[in-house]
Amino acid sequence: MITLKINGLDVQVEEGTTLLEAAKFFGFPIPTLCHKDGLSPYGACRLCVVEIGEGPQAKLVSSCTYPAEEGLKVRTASERVVKARKMVIELLLASCPQSKIIQDLASAHNVHQQRFKQEYEDCILCGLCVRMCQEQMMAKAIGFRGRGERRSIGTPFDIKSDECRLCGGCMYICPACQLRCTYNEPEKAICGACANLSPPCLDKEEFKDMMCYMEPCVACEIKDE
Amino acid sequence: MQQDITPVSEIVEKYGRRRGAVIAMLEEIQALYGYLPPETLRVVSEKTGYSLVDVYSVATFYKSFSLKPRGKHLVSVCLGTACHVRGGPAIAKEFERQLGIRAGETTPDKEFTLMTVNCLGACALGPIVVVEGHYFSNVSSVKVKKIIKRTKAGLDKVEIEGDRRIFPVEVSCPRCNHSLMDSEHLIDGCPSVRVTQSFGRKHGWLRLSSLYGSYNVESEYEVPEKTVVNFFCPHCHAELRSAVPCPECGAPMVPMVVRGGGMVQICSRKGCKGHMLDLRNDDLESVSGGL
């Protein structure tokens, strides 16, 4: 067992526990975006930052990837942490303002301003779908491509992957997804449905065999009626 | 365009299907085809057990890999820090203008591919342009036209068998410009060229004859024939490794700056006599064999 201090409280956790798990277990809330139970920690979104150490040695680390250490002093909601977290949310909001999940995060953390140019990206590169595909669906159909500002997620060569079973796990888990639908290029599509006001998947042959994972999906509602 | 991909299997087998060797495999495949055809990535993925996604992400991550066919002549303009401050961007722009393509593109006649790279490890010679492994140093906008003209005419190849020239050269590290000459230790009666070599788990000095045309070497450890050795500068410890493979055997070339301007490259494989010599000549008319 490892003894550490979280927000001044002495706690004991098993070796190998991450700070995020420890804090959650003892009831200290830490917001997360790219972390999901059942998927490996990734540390991409930096929403889960906490402050460790003291004085000039204090630093911010992502709690989802940082293992608990003996005698570590962790602060999950210090002024510095909250400030950093708000900035992260503001940046996420700028890159993907249409995402409901990010909007909710912003609202929950009192982010009321938007100082950066809105980009309306359809991906925040959180890697959730890549891990979902690999670790839960055992498919490895999608992955990261390129690097730097040209980094993107998709299938190799942008064609339908042989490994893809159209399970829709990537769509299900995506926090920014609505725009990922490639309805006008069905050969590239992963699920082929989208929450469009005039659903393109309605009454079209190429979408017949595809399953829909959007919830709610306008097209499916129309079909059911 | 369908290509024969049987050699790819051999390349993968050669590295024992090791996952850690994917980059080396891709490098060799690229040296073979000039780019990475999609089918070859599939072969690599099948043989190594890596998923296609992972191989593809490696291939797209590194700038030196290309998934699109490249032109006959690959022009790399260095935009690293040293070349940048010496006017690299203007050179790149001039190439773009003269070839009528943007950086990263290939001319419609498939003759030239223009690339900008971030460092070629020859900062002392900047701004530098590498065409098919031939180094053009201290390039100015004026020289761009000549480089293109010369490339079209065909860059000199050193005929390994026919090249009987023998003359002493003085070389320095292309990265830090520190002299590599060791006057304490003579080989062939001339000061030797001292570098650090590394192969397997061995790491020690290597002294080369400074006579161009002589292949005499002395080393701390005996290097087995056909081993590819990594060369390092003994002063700045930068790896001496050129962007191009040896025209004879495909191993990486080792670049060294020749005093007075220019570049000599030797093959890093023990026993291979592949080498290239690009001496600086202001009119660029006879870069090779100018002495």
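In what order do the four strands of the open sheet with mixed pairing in chain B stand? The order is 2-1-3-4. Strand 2 (112–117) and strand 4 (134–136) of chain B are at the edges, each with a single partner strand, so one side of each has no neighbour in the sheet. From one strand to the next, the twist averages 20 degrees. Please keep in mind, as you look around, that this is a predicted model.

You can find B:Val77 opposite B:Val129 of strand 3. A helix goes with the sheet too: helix 7 (residues 141–153) of chain B lies across strand 1, strand 2, strand 3 and strand 4, and runs at about 130 degrees to strand 2.

**A second open sheet in chain B**

Chain B has another open sheet of four strands, in the order 6-14-15-16, and here the pairing is antiparallel. Its edges are strand 6 (171–172) and strand 16 (275–279) of chain B; each has a single partner strand, so one side of each is left without a neighbour in the sheet. Strand 14 (residues 253–258) and strand 15 (residues 262–267) of chain B pair over five bridges. To spot this pairing, look for B:Val257, whose bridge partner in strand 15 is B:Met263.

**Helices of chain B**

What covers the buried residues of helix 3 of chain B? The cover includes helix 1 (6–14), helix 2 (22–33) and helix 4 (52–61) of chain B. The buried residues of helix 3 (residues 38–48) are B:Thr40, B:Leu41, B:Val43, B:Val44, B:Ser45 and B:Thr48. Just after this helix, B:Gly49 takes a positive phi of about 85 degrees.

Helix 1 and helix 2 of chain B also meet each other, with axes that come within 10 Å and cross at roughly 150 degrees. Angles over 145 degrees count as roughly antiparallel, and helix 1 and helix 2 of chain B are therefore roughly antiparallel to each other. Helix 1 brings B:Pro7, B:Val8, B:Ile11, B:Val12 and B:Lys14 to the contact, and these meet B:Met25, B:Glu28, B:Ile29, B:Leu32 and B:Tyr33 of helix 2. By class, the contact has eight nonpolar, no polar and two charged residues.

**Chain A**

Chain A has six helices and seven strands. Its elements run β-β-α-β-β-β-α-α-α-β-β-α-α from the N terminus on. Of its 225 residues, 46% count as buried. Among contacts in chain A between residues at least 6 apart in sequence, 48% join residues at least 24 apart.

Helix 2 (residues 79–95) and helix 3 (residues 100–108) of chain A pack at an angle of about 150 degrees, with their axes 10 Å apart. Helix 2 contributes A:Ile89, A:Leu92 and A:Leu93 to the contact, while helix 3 contributes A:Ile102, A:Gln103, A:Leu105 and A:Ala106. By class, this contact has six nonpolar, one polar and no charged residues.

| Helix pair | Axis angle | Axis distance | Crossing |
|---|---|---|---|
| Helix 1 and helix 2 of chain B | roughly 150 degrees | within 10 Å | right-handed |
| Helix 2 and helix 3 of chain A | about 150 degrees | 10 Å | left-handed |

Terms used: Residues numbered from 1 in each chain as written. Chains lettered and ligands numbered in written order. Predicted model: local features only at pLDDT ≥ 70, side-chain atom pairs only at ≥ 80, totals over all residues. Heavy atoms only, no water. Buried < 20%, exposed > 50% of the residue type's maximum accessible area, 1.4 Å probe, protein only. Helix = DSSP H or I, 4+ residues; strand = E, 2+ residues; numbered from the N terminus. Contact = heavy atoms within 4.5 Å. Axes fitted to C-alpha atoms, helices over the stretch in contact; angles between N-to-C directions. Parallel < 35°, antiparallel > 145°, perpendicular 65-115°, else oblique. Left-handed = near helix turned anticlockwise from the far one by under 90°. Nonpolar A, V, L, I, M, F, W, Y, C, P; charged D, E, K, R; others polar. Pairing = 2+ DSSP bridges.
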